[in-house]
Amino acid sequence: MNTRPDQPLRLGTRRSKLAMSQSGHVAEAVRAVTGRPVELVEITTYGDVSREHLAQIGGTGVFVTALRDALARGEVDFAVHSLKDLPTTQPGELVIAAMPKREDARDALVARDGLAFEQLPDGARIGTGSPRRTAQLHAYAKSLGKVIETVPIRGNVDTRIGYVRAGELDAVVLAAAGLNRIGRGDEATDLLSVDNVLPAPGQGALAVECLASDTALIAALAELDDPFTRAAVTAERSLLAALEAGCSAPVGALADLLADGQIVNEMRLRGVVGTLDGSTLVQLSTTGPVPQSYDEAMALGRELADEMLAKGAAGLMGERSL
């Protein structure tokens, strides 16, 4: 990091309205803790320009590679990612210096006529590009005695909500955190309970990443870190990594903190994998002391993943060939 106090820190960000908004929030926080100006450097990723479905172009990592390349080339000093976009393996030359306090982790429904999920008609057409959401939405509908049709969609928030406004779809499902960050949380017609739809591992959280060699910047960014958020998403991502190794089914996970009065004393980790039609879900949870270290959080996720694999998670969509 250039240590001249008037030298702007360069924050690499995707160009989408949501990415620019969440990077802007981080930039303000970094300015506050460092006293340095921060400039946003817009970077186009392959995931932003490709119209193919995410699963076909390599999953969420397609949004990350260009930002990490810019870090490695020294074009930016640090980058902000949606944590759910990060692959579970961390490159050795980069470090997640901060995970700020998490936004709402839930999925949000934006439906026509202000409808909640339980009010949608039988056969409702719901847009989502996420296999995880697809599996759980079908299971949720089935529990209500309904059948829905899920329609694969991509695009930014405006594009997705536009399908509902134009009458092409009855509803779309988006991350509540994304809507909140761009000031459109009031457009959600229903916030889906995590008892029915578990979010993606890390959903609602951000990762602030920089070079592992930049110790001065790491120390400055660490001021933004929220230890409870870090413990929770580390456990969720550990579960995801362990399941990815033995199972190709879509994964939902959420770690939440259980408080006794004002004292947070336990963490509950829930995980789900399922078939895309929602006919079979393996859903388990475990509760234990709040992890006090990275290794403890990783162990919590691995243990639950092992239980889920033992309960048949690996067989849901075919085991991965190693």
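Biologist: How many aromatic pairs does a search of the whole structure find?

Modeller: In this predicted model, the search of the whole structure finds 1 aromatic pair. Its members are Phe117 and Tyr140.

Biologist: Why are Phe117 and Tyr140 called an aromatic pair, and what makes the pair stacked?

Modeller: Ring centres must lie within 6.5 Å to pair, and those of Phe117 and Tyr140 are 4.3 Å apart. Planes under 30 degrees apart count as stacked. The angle between these two planes is 10 degrees, so the pair formed by Phe117 and Tyr140 is stacked.

Biologist: Which parts does the pair of Phe117 and Tyr140 tie together?

Modeller: Phe117 belongs to the loop between strand 5 (107-111) and strand 6 (125-127), whereas Tyr140 belongs to helix 4; the pair therefore ties together parts that are 23 residues apart in sequence.

Biologist: Are Phe117 and Tyr140 buried or exposed?

Modeller: Both Phe117 and Tyr140 are buried. The term requires under 20% relative accessible area.

Biologist: What makes helix 4 mostly covered?

Modeller: Of its 13 residues, 10 are buried. Among them are Arg132, Leu137, His138 and Tyr140.

Biologist: How do you know that the span of helix 4 agrees with its number of residues?

Modeller: Helix 4 (residues 131-143) has 13 residues, and at 1.5 Å a residue these should span 18 Å. The expected value uses one less than the number of residues. The end C-alpha atoms of helix 4 are 19 Å apart, which agrees.

Biologist: Where does helix 4 lie?

Modeller: Helix 4 lies across strand 5, strand 6, strand 7 and strand 8, and runs at about 125 degrees to strand 8. Helix 5 (residues 157-165) lies across strand 5 and strand 8, at about 155 degrees to strand 8.

Biologist: Why are strand 5 and strand 8 said to pair?

Modeller: Pairing requires at least two bridges. Strand 5 and strand 8 (residues 171-175) have 5 bridges in the antiparallel sense, so they pair. Leu109, for example, has Val173 in strand 8 as its bridge partner.

Biologist: What makes strand 7 and strand 9 edge strands?

Modeller: The open sheet of 5 strands has the order 7-6-8-5-9, with mixed pairing. Strand 7 (149-151) and strand 9 (190-191) each pair on one side only.

Technical notes. Residues numbered from 1 in each chain as written. Predicted model: local features only at pLDDT ≥ 70, side-chain atom pairs only at ≥ 80, totals over all residues. Heavy atoms only, no water. Helix = DSSP H or I, 4+ residues; strand = E, 2+ residues; numbered from the N terminus. Buried < 20%, exposed > 50% of the residue type's maximum accessible area, 1.4 Å probe, protein only. Phe/Tyr/Trp six-rings, centres within 6.5 Å; stacked < 30°, edge-to-face > 60°. Contact = heavy atoms within 4.5 Å. Axes fitted to C-alpha atoms, helices over the stretch in contact; angles between N-to-C directions.
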